[in-house]
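Student: I have a new structure open and would like to learn how to read it. Could you walk me through some of its features?

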Amino acid sequence: MESQSIMKIRNISMTYHTLDGEIETLKNIDLDVNKGDIITIVGPSGCGKSTLLSIIAGLVNPSKGEVFINDKKVNGTNKDIGYMFQRDHLFEWRTIMGNVLIGLEIQDKVTDEKKKFAEKLLDTYGLEDFKNNYPNQLSGGMRQRVALIRTLAIEPEILLLDEPFSALDYQTRLAIADEIGTILKKEGKTALMVTHDIAEAMSV
Ligand code: ADP
Ligand code: MG
């Protein structure tokens, strides 16, 4: 039968070589992610979560092992993957709409249709009145939603989320984790999130 898994992680190991010696960060990691899965990996700070996401995103080469996305071996970055970092990285001098379109601009893919899609995401997720505002006029939770919409605007098949809520206060964090879980399910995305916070993991 045809395999359903959209992402296959096979025997990944990562050792960093530094002046102080070797740091064995990941050892023999295997994971299959099926289409539509929303998976959270929980682990303490320094256990290699960001390293794993960077390897999946093709930003870092593993010491050993392979990652396959749609049965194609990862070798460099991949337009099917959207990467949302721990901090929202919004550009303060750009409007919310300007921020949401930046991924498309970088890929030279701004079309009327894609713009409309991005606007619709802002409308659907409670930011319709803020398109022309600047990031510093938004709450932390709203900024994080903008960062997610910016990632969704390039229509990646898979989203990688690296502790996306840890900069927020506790209450906001749980609320936005729940919201973002809802958005990911509604948009039919496959997502892999890493966090050190069990409560955050449970609310997605
Ligand atoms: P986490 O995201 O779980 O906090 P990281 O993947 O950032 O963990 O880091 C795992 C380990 O690898 C840590 O000990 C960290 O110091 C080390 N590390 C991460 N990136 C590098 C790098 N570029 N060079 C050397 N060591 C690194
Ligand atoms: Mg990290």
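This is a predicted model: local features need pLDDT of at least 70, side-chain atom pairs count only at pLDDT 80 or more; totals for chains, interfaces and linings use all residues.

Student: Let's begin inside. Which residues have the most contacts inside the largest nonpolar core?

Tutor: The general idea first: in soluble globular proteins, nonpolar side chains tend to be buried together. Here the largest nonpolar core has 33 residues, and Val100, Leu148, Leu161 and Phe165 have the most contacts inside it. Two or more residues come from each of α2 (96-100), α4 (112-124), α5 (140-153), β7 (158-162), α6 (170-186) and β8 (190-195). The top contributor is α5, which gives seven residues.

Student: With which residues is Leu161 in contact, leaving aside its neighbours within four places in sequence?

Tutor: Leu161 touches Leu53, Met84, Leu148, Leu184, Ala191, Leu192, Met193 and Val194. There is also a second, separate core of 22 residues, and Ile9, Ile39, Ile81 and Leu192 are among its members.

Student: Now the helices. How many residues of α5 are buried?

Tutor: For a helix, look at its length and then at its covering. In α5, 13 of the 14 residues are buried, so the helix is mostly covered, buried meaning under 20% relative accessible area. After α5 comes Glu155, with a positive phi near 55 degrees.

Student: What about α6: which of its residues are buried?

Tutor: Arg173, Ile176, Ala177, Ile180, Gly181, Ile183 and Leu184 are the buried residues of α6. Looking down the axis of α6, you find them within an arc of 160 degrees, so they line one face of the helix. On the other side, Gln171, Lys185 and Lys186 are exposed.

Student: What covers the buried residues of α6?

Tutor: The cover includes β3 (38-42), β6 (81-84), α5, β7, β8 and α7 (198-203). The length check works for α6 as well: its 17 residues should span 24 Å at 1.5 Å a residue, which agrees with the 24 Å between its end C-alpha atoms. Gly188 follows α6 and has a positive phi, near 65 degrees.

Student: Next, the ligand. Which residues are around ligand 1?

Tutor: List the surroundings, then look for polar pairs. Around ligand 1 are Tyr16, Thr18, Ile23, Thr25, Pro44, Ser45, Gly46, Cys47, Gly48, Lys49, Ser50 and Thr51. A polar side-chain atom of Tyr16 is 3.4 Å from a nitrogen atom of ligand 1. Lys49 places a polar side-chain atom 2.8 Å from an oxygen atom of the ligand. For Thr51, a side-chain N or O atom is 2.5 Å from a ligand oxygen atom.

Student: One last topic, the backbone. Where is Asn70 found?

Tutor: Asn70 sits in the loop between β4 (64-69) and β5 (72-73). Although Asn70 is not a glycine, its phi is positive, at about 50 degrees. With a relative accessible area of 37%, Asn70 is partly exposed.

Student: And Asp108: is it buried or exposed?

Tutor: Asp108 is exposed, with a relative accessible area of 71%. You will see Asp108 in the loop between α3 (102-106) and α4. Asp108 is not a glycine either, yet has a positive phi of about 55 degrees.

Conventions
Residues are numbered from 1 along each chain as its sequence is written. Chains are lettered from A and ligands numbered from 1 in the order in which they are written. Side-chain values use heavy atoms; hydrogens and water are left out. A nonpolar core is a set of buried Ala, Val, Leu, Ile, Met, Phe, Trp, Tyr and Cys residues joined through side-chain atoms within 4.5 Å. Buried means under 20% relative accessible area, exposed over 50%, partly exposed in between (1.4 Å probe, protein chains only). Helices (H or I, at least four residues) and strands (E, at least two) are DSSP runs, numbered from the N terminus. Contact means heavy atoms within 4.5 Å. The expected span of a helix is 1.5 Å times one less than its number of residues. The arc is that of the directions from the helix axis to the C-beta atoms. A residue is near a molecule or strand if one of its heavy atoms lies within 4 Å of it. A polar contact is a pair of N or O atoms within 3.5 Å; within protein, one must be able to donate a hydrogen and the other to accept it, and residues adjacent in sequence count only if both atoms are side-chain atoms.
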